[in-house]
Amino acid sequence: MSAQREMKEKKPWHTPLTIIITVIGVIAIVALVTVAVLQNRPVPQKYKYGIVLDAGSSHTALYIYEWPAEKDNNTGRVEQKHSCKVKGKGISSYAAEPEKAGTSLIDCMREAELQVPTKRHRETPLYLGATAGMRLLKIEDSAASDKVFQAVEQTLQRSPFYYQGARILTGQEEGAFGWVTVNYLDDRLKQGLETTGALDLGGASTQISFVSRNYDISESPSNSVTFRLYGNDYNLYTHSFLCYGKDQVLKKALAHQTQSGPTKVQDPCFHPGYSVKRDYASLYDSPCVSDMKPKGAPSEFTHIGEGNFSQCQEVVKSLFNFTACTYSRCSFDGVFQPPLQGPFGAFSAYYFVMNFLNLTDTSFPLETVKKNLANYCATPWNELKQRHLGRVKEKYLAEYCFSGTYILTLLTEGYNFTKEKFSDIKFIKEIKGSDAGWTLGYMLNLTNMIPAEAPDSPPLPHAGYVSIVTVIAILLFILLILCLRSIWPRCSKQQQIV
Ligand SMILES: O=P(O)(O)OP(=O)(O)OP(=O)(O)OC[C@H]1O[C@@H](n2cnc3c(O)ncnc32)[C@H](O)[C@@H]1O
Ligand SMILES: [Ca+2]
């Protein structure tokens with residue numbers, strides 16, 4: 001009898017009640033873990049889309065962006081899904097035959113229809129933003145600019161997407177949205193990190209945008225844009241220089257060298273052995289140079305290369321006005337610029353040109369970069385053609401020496417990037433798979449996808465919350481078992497005594 005009692009006292013959890021509690025506990029824990037795993041398994045992602053057409057001076061490009069459908073209220077990342085380069089030149093080049101500006105877009109619009117799932121077409125916003133090419137056409141011939149827009153609108157309205165309009169961006173918008181794109185893609189805005197300045201070099205205009213601490217925005221209000229993004233305030237300095245894109249600045253350089261109306265121009269910015277006939281009418285056809293056209297010039301001139309970097313730099317420098325400045329400090333042409341600050345990302349033609357010239361590595365001293373460019377400029381034209389033609393457009397190849405010289409001069413003399421500051425510049429094409437440019441920032445702004453305030457988020461991520469609940473449940477269960485183990489012998493003892 002006493003031996004039996006001892007056995008019961010030593011193994012109280014072998015009673016039917018303890019076994020039932022243990023089984024229920026195990027089932028509860030398995031159920032809890034299963035729910036947690038199922039809840040956290042990846043579900044097939046649904047996306048939303050947005051389309052922006054960048055109608056630049058030299059060409060038009062279509063960008064498709066996508067973001068997770070259930071997260072569009074500010075937490076999902078917007079990424080570039082696809083881009084399409086419209087064949088031919090920019091829409092402003094169709095001033096004489098505006099319908100063609102519309103039809104030129106059709107191929108890329110078809111591509112977009114295939115890229116965006118059909119059931120999303122009607123809700124996908126579609127925007128077109130035109131930049132410096134259309135700004136110049138509007139100055140030159142406002143009626144022609146309107147006709148180009150009408151033609152473009154006709155094509156876009158026929159698309160199945162949710163067309164939201166076509167317009168010319170101001171230079172300020174172009175600069176500011178380029179800055180938003182770069183900093184959004186780098187995740188600098190959400191985290192409130194120091195921002196990256198944006199340098200954009202187009203065909204007809206160029207933009208510089210950066211945040212400069214302690215700068216007085218009231219000194220030049222037209223150069224300042226204020227943003228409140230994710231709970232942080234930014235005072236952005238931005239300026240767009242019309243006629244300082246690389247195509248228009250080349251016209252300015254040639255205009256500068258043909259003021260006496262010569263039949264022959266010896267140009268230090270083109271390679272030795274380069275010789276091409278050009279006509280005065282097409283050189284002076286833009287508002288950037290039209291008022292400089294020499295009177296009584298012949299119909300054409302021979303453009304001859306000399307390949308001399310330092311002389312080329314003198315020609316380029318002469319295009320900037322460094323004397324007129326009514327502010328405390330200026331970049332050039334009397335434009336206010338606060339002190340440069342922070343890292344910079346330089347994209348579009350900055351990247352195309354410096355990448356071709358193998359000069360994107362800014363850890364090299366500026367002097368070395370200049371020496372390499374000087375060697376390149378002195379290379380005979382025939383040698384370059386043999387090396388690159390077939391892979392590089394002849395027009396681009398002929399102009400890399402000029403463009404490289406312009407880029408270095410603009411950065412160092414124009415914006416005042418000193419030897420030390422030069423290494424703060426990174427030449428970039430894209431960030432995490434999305435092209436650097438104004439289009440993404442433009443769409444994020446128009447779709448209100450960057451909130452002014454930081455979104456409130458739960459203190460723990462979902463997976464963390466489930467893990468903690470599971471661990472606590474297991475601990476409680478163990479506690480219960482321990483408790484039963486210590487109480488049960490006494491209970492059973494009492495039962496036995498009774
Ligand atoms: O911003 P805007 O001034 O309106 O002009 P855009 O948008 O058309 O200008 P891009 O950045 O597309 O191109 C800038 C310039 O670079 C030229 N370009 C494009 N690809 C190039 C390459 O691979 N090599 C050299 N130049 C290139 C292009 O013809 C333009 O003159
Ligand atoms: Ca551009």
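**Figure 1. Residue classes in the shell around ligand 1.** By class, 7 nonpolar, 12 polar and 2 charged residues make up the shell around ligand 1. Here Ala, Val, Leu, Ile, Met, Phe, Trp, Tyr, Cys and Pro count as nonpolar, Asp, Glu, Lys and Arg as charged, and the others, Gly among them, as polar. The structure is a predicted model, in which local features need pLDDT of at least 70 and side-chain atom pairs count only at pLDDT 80 or more, while totals for chains, interfaces and linings use all residues. Residues are numbered from 1 along each chain as its sequence is written, and chains are lettered from A and ligands numbered from 1 in the order in which they are written. The ligand is surrounded by 21 residues, of which Gly56, Ser58, Gly202, Gly203 and Ser348 are the closest; a residue is near a molecule if its C-beta atom, placed from the backbone, lies within 6 Å of it. Helix 5 (132-140), helix 8 (246-257) and helix 11 (349-356) are the elements that give two or more residues to this shell. With 4 residues, helix 11 gives the most. Helices (H or I, at least four residues) and strands (E, at least two) are DSSP runs, numbered from the N terminus. Domain 2 (47-168) and domain 3 (171-437) each supply at least three residues to the shell around ligand 1.

Figure 2. The protein chain contains 17 helices and 16 strands. Its radius of gyration is 33 Å, well over the 23 Å that the globule rule gives for 498 residues, so the chain is more spread out than a compact globule. The radius is taken over C-alpha atoms, and the globule rule is 2.2 Å times the number of residues to the power 0.38. Along the principal axes, the C-alpha trace spans about 130 × 50 × 50 Å. The domain assignment gives domain 1 (2-41 + 470-497), domain 2 (47-168) and domain 3 (171-437); these bounds come from an automatic or database domain assignment. Of the 498 residues, 37% count as buried. A residue is buried if 20 or more other C-beta atoms, placed from the backbone, lie within 10 Å of its own, exposed if 12 or fewer, and partly exposed in between.

**Figure 3. The contact between domain 2 and domain 3.** The centres of domain 2 and domain 3, taken over C-alpha atoms, are separated by 26 Å. In this contact, 15 residues of domain 2 meet 14 residues of domain 3, two residues being in contact if their C-beta atoms, placed from the backbone, lie within 7 Å. On the side of domain 2 that touches domain 3, strand 3 (79-85) and helix 5 are the elements that give two or more residues. Helix 5 provides the largest share of that side, 6 residues. The residues on this side of domain 2 divide into 4 nonpolar, 7 polar and 4 charged.

**Figure 4. Glutamate 174 and glycine 171 in helix 7.** Glutamate 174 lies in helix 7 (residues 171-185), and an unreviewed UniProt entry places the feature "active site" at this residue. UniProt positions are given in the numbering used here, feature names are shortened, and annotations may be inferred rather than shown by experiment. Glutamate 174 is buried, with 28 other C-beta atoms within 10 Å. Leaving aside neighbours within four places in sequence, its contacts are Thr131, Leu169, Gln207, Ser240 and Trp438. Glycine 171, also found in helix 7, counts as buried because it has 20 C-beta neighbours inside 10 Å. Apart from residues up to four places away in sequence, glycine 171 touches Ser205, Gln207, Ser240 and Leu242.

**Figure 5. Alanine 204 and glutamine 207 within the annotated binding site.** The unreviewed UniProt entry places the feature "binding site" at Gly203, Ala204, Ser205, Thr206 and Gln207. Alanine 204 is found in the loop between strand 6 (197-201) and strand 7 (205-211). Alanine 204 is buried, with 28 other C-beta atoms within 10 Å. Beyond its neighbours within four places in sequence, alanine 204 is in contact with Ser57, Ala132, Gly133, Leu136, Gly245, Asp247 and Gln248. Glutamine 207 lies in strand 7 and counts as buried, with 28 C-beta neighbours inside 10 Å. Outside four places in sequence, the contacts of glutamine 207 include Gly171, Glu174, Asp200 and His239.
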